[in-house]
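Welcome to this short tour of a protein model.

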Amino acid sequence: MKGLYSIGIYLASFIIKIAALFNSKLKQGVVGRKETFTKLKNNIKLEDKTLWFHCASLGEYEQGLPVFEALKAKYPTHKVIISFFSPSGYEVRKNTKIADVVIYLPLDTKTNAQQFLDLVHPDYILFVKYEIWPNFLHEIKKRNLNALLISAVFRKDQSFFKWYGSYTKSALFGFRHIFTQDENSKVLLQKIGYADASVSGDTRFDRVSNQLKINNTVSFIEAFKDDKLCMVFGSTWPEDDKLYLDYINTTKNSEVKYIIAPHNIKASYVASLKSQLKVNTICFSELDDTKNLKDYQVFILDTIGYLSKVYSYADIAYIGGGAGSTGLHNILEPAVFGIPILIGKNYEKFPEAKALIDLGGVTSLASATAFNSSLNALITDKFLRQNKGVITASFIRKNKGAVNKIMAYF
């Protein structure tokens with residue numbers, strides 16, 4: 001199994017390099033990985049004490065950030081190395097102030113793992129949620145390094161719990177401790193003989209709770225909203241667009257404002273989205289002093305960095321990813337502001353969505369007809385909005401505290 005995995009990694013590396021010739025995102029990763037070891041050699045000395053945090057992408061970075069910040073405060077003289085697997089995480093956070101070095105994780109070969117750990121020589125290693133790289137973890141275990149997995153979620157259909165998953169299963173034992181989001185994940189680990197696990201909950205609850213402590217003012221959104229009822233569509237995909245576009249175009253309710261923050265902010269996609277809207281629409285990229293924002297009914301947020309603050313202006317939110325197969329985006333970011341949330345039909349892998357649906361704060365929609373009916377009810381019934389909002393905000397308050405549980409380990 002080990003040999004097959006290594007062959008697979010080398011084949012994947014070859015395929016990615018070929019595909020990168022035609023895909024700019026893949027090219028960013030290929031080019032970035034070539035720079036990893038040089039960056040480490042230039043910035044980390046043998047005598048440095050270090051902390052290494054690894055995230056798959058941007059979502060995992062945000063999830064791990066409150067723990068990263070707490071560890072940085074506890075060990076202020078340590079240098080922090082943050083690695084990403086995906087360009088979407090690296091490109092957005094490559095200049096994060098919490099890190100001394102931000103890099104791409106090299107491909108998971110035995111040689112890369114050895115060279116990487118020789119250069120980084122970390123006192124503590126934190127992987128976030130799903131990141132299980134067997135060659136790295138076997139080398140970490142061989143060196144007896146202190147590695148933790150935080151905010152982990154496991155499902156019984158994963159390879160770790162199958163007869164054919166012996167190599168990936170053994171990689172889990174490279175972690176000294178695994179902090180899981182739920183009891184079911186801990187039980188699954190116990191069934192394969194992994195005993196050093198505890199339930200901490202999801203650090204995202206702590207992360208989004210911190211949003212309430214900062215200034216969330218966004219002047220151009222304030223001008224656009226103009227004290228009207230506001231709905232925010234966060235991290236939407238084309239499958240999500242099919243649910244809501246007809247509603248906006250046909251109702252044309254001037255007392256409701258809509259903010260659309262698409263996951264894909266490429267100019268061609270944004271132009272296509274705008275062309276499908278039959279009401280007065282403006283994009284962030286079109287802002288200038290001549291535009292009177294209150295005259296527009298739809299605002300397309302074709303930029304990054306604002307969405308978590310924009311949710312503070314929402315009376316209702318729709319969170320994308322669940323209408324298709326891309327994966328539901330973060331529903332906790334709007335929930336912290338105490339608003340009702342709508343999502344698509346595919347949410348089975350997201351325990352927070354299941355919980356909030358059961359509680360009544362989130363509504364799952366399988367069709368445009370269901371979307372229309374649910375949104376009409378929320379727009380016309382202030383008390384319904386308020387009641388659902390109380391549920392979402394209370395859910396966040398009750399579930400925060402994972403960071404303190406994790407930090408008790410150190």
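## Getting started

UniProt positions are given here in the numbering used for this structure, feature names are shortened, and annotations may be inferred rather than shown by experiment. With that in mind, UniProt (unreviewed entry) places the feature "domain: 3-deoxy-D-manno-octulosonic-acid transferase N-terminal" at residues 39-206. This span is 40% helix and 20% strand, and its end C-alpha atoms lie 32 Å apart. Helices (H or I, at least four residues) and strands (E, at least two) are DSSP runs, numbered from the N terminus.

This is a predicted model, in which local features need pLDDT of at least 70 and side-chain atom pairs count only at pLDDT 80 or more, while totals for chains, interfaces and linings use all residues. Residues are numbered from 1 along each chain as its sequence is written, and side-chain values use heavy atoms, with hydrogens and water left out.

## An annotated active site

Which residue does the UniProt annotation "active site" cover? It is E60, according to the unreviewed entry. You can find E60 in helix α4, which spans residues 58-74. E60 counts as buried because its relative accessible area is 16%; buried means under 20%, exposed means over 50%, and partly exposed is in between (1.4 Å probe, protein chains only).

On the surface, E222, D226, D227 and D295 gather in a patch of negative charge. Patches are made of residues with over 30% relative accessible area and no salt bridge; like charges are joined within 9 Å, and nonpolar side chains (Val, Leu, Ile, Met, Phe, Trp, Tyr) within 5 Å. A salt bridge is a side-chain nitrogen of Lys or Arg within 4 Å of a carboxyl oxygen of Asp or Glu. E222 has a relative accessible area of 46%, so it is partly exposed.

A positive surface patch is formed by K213, R397, K398 and K400. Among them, K398 sits in helix α18, residues 382-399. Is K398 buried or exposed? K398 counts as exposed because its relative accessibility is 68%.

F395 also has its place in helix α18. With a relative accessible area of 10%, F395 is buried. From F395 to K309 there are 86 residues in sequence and 19 Å in space, C-alpha to C-alpha.

## Backbone angles to look for

Most residues other than glycine have a negative phi, and most peptide bonds are trans. Where can you find a positive phi here? K129, which is not a glycine, has a positive phi of about 70°. K129 is in the loop between β4 (124-128) and α7, and K129 counts as buried at 12% relative accessibility. Helix α7 covers residues 134-142, and its buried residues are P134, N135, F136, L137, E139 and I140. After α7 comes N144, with a positive phi near 60°.

S235 is a residue other than glycine with a positive phi, near 55°. S235 lies in strand β8 (residues 229-236) and counts as buried at 16% relative accessibility.

## A glycine in a loop

Finally, find G327 in the loop between β12 (316-319) and α15 (332-335). At 23% relative accessibility, G327 counts as partly exposed. G327 and I260 are 67 residues apart in sequence, with 18 Å between their C-alpha atoms.

Key: Areas by Shrake-Rupley, 256 points an atom, 1.4 Å probe, with all protein chains shown as cover. Lys, Arg positive; Asp, Glu negative; His and termini not counted. Charge placed at Lys NZ, Arg CZ, Asp CG, Glu CD.
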